Each structure stands twice: as C-alpha cells, then as structure tokens.
Amino acid sequence: MSVVILGGNECMERQYKELCREYQCRAKIFIKPVGGLKNKLGNPDLTVFFTNTMSHKMLRSALCELKGTGTVIAHSKSASMSALRSILEEHTVHA
C-alpha cells in the first residue's frame with residue numbers, strides 16, 4: 001500500500017517513514033509546500049493530511065490533484081505518531 005503524508009513535523013519525518021514501514025506501506029512525505037505537487041503525489045492508496053502543520057495553499061493544491069483519483073483521504077489536526085498510527089490502523093491491515 002502506498003501512503004502520502006502532507007504536513008507534519010520536520011524532525012519526525014524519519015519516524016513517520018518507519019511507522020509506515022511497520023504497516024508494510026511505502027511512504028512519501030511532504031512536510032513543506034513543494035512546487036509541482038501533481039507530478040510528485042502519484043496515485044497513492046491513502047493520503048494523510050496533518051492540517052495544523054500545513055498551509056492552506058498546500059491543502060487546496062493537494063485536494064485538487066487528488067480529486068477523482070479514488071485515493072482515501074484522512075485528515076488529522078495532530079501531527080503526532082499516535083495520530084498517524086490510528087489512521088494506519090483504520091486504513092491498513094497490520095501484519
């Protein structure tokens with residue numbers, strides 16, 4: 001399963017990747033706004049938005065790019081590991 005995480009804390013990027021790996025997920029993480037988001041997102045199975053730590057512009061851009069792709073979108077105000085864990089628990093099969 002592929003996961004894209006938008007927003008979050010820069011210092012926790014490696015921990016986000018490791019947690020996704022525990023759930024057998026490939027993760028792309030974009031902490032800061034990036035240009036050309038369309039080419040970088042791809043077609044993920046799950047997209048996680050950490051809304052308190054991302055700009056409105058980045059949120060709108062990502063939602064426009066994901067519209068009609070069939071990807072599952074999960075929102076969380078908190079960018080904590082426990083928030084990501086609960087999202088992954090809900091949307092993946094933990095082995």
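Q: Is cysteine 25 buried or exposed?

A: Buried means under 20% relative accessible area, exposed over 50% and partly exposed in between, with a 1.4 Å probe and protein chains only. Cysteine 25 has a relative accessible area of 9%, so it is buried. Cysteine 20 counts as buried too, at 0%. This is a predicted model, where local features need pLDDT of at least 70, side-chain atom pairs count only at pLDDT 80 or more, and totals for chains, interfaces and linings use all residues. Residues are numbered from 1 along each chain as its sequence is written, and side-chain values use heavy atoms, leaving out hydrogens and water.

Q: How many disulfides are found in the whole structure?

A: A disulfide is a pair of cysteine sulfur atoms within 2.5 Å. The search finds zero. For cysteine 25, the closest cysteine sulfur is that of cysteine 20, and at 5.7 Å it is too far for a bond.

Q: Which residues of helix H1 are buried?

A: Helices (H or I, at least four residues) and strands (E, at least two) are DSSP runs, numbered from the N terminus. An α-helix has 3.6 residues a turn, so residues three or four places apart point the same way. In H1, residues 13–22, the buried ones are Tyr16, Leu19 and Cys20. They line one face of the helix, because they fall within an arc of 100° seen down its axis; the arc is that of the directions from the helix axis to the C-beta atoms. Arg14 and Arg21 are exposed on the other side of H1.

Q: What covers the buried residues of H1?

A: Contact means heavy atoms within 4.5 Å. The cover includes strands S1 (2–6), S2 (26–30) and S3 (46–50), along with helix H4 (81–91).
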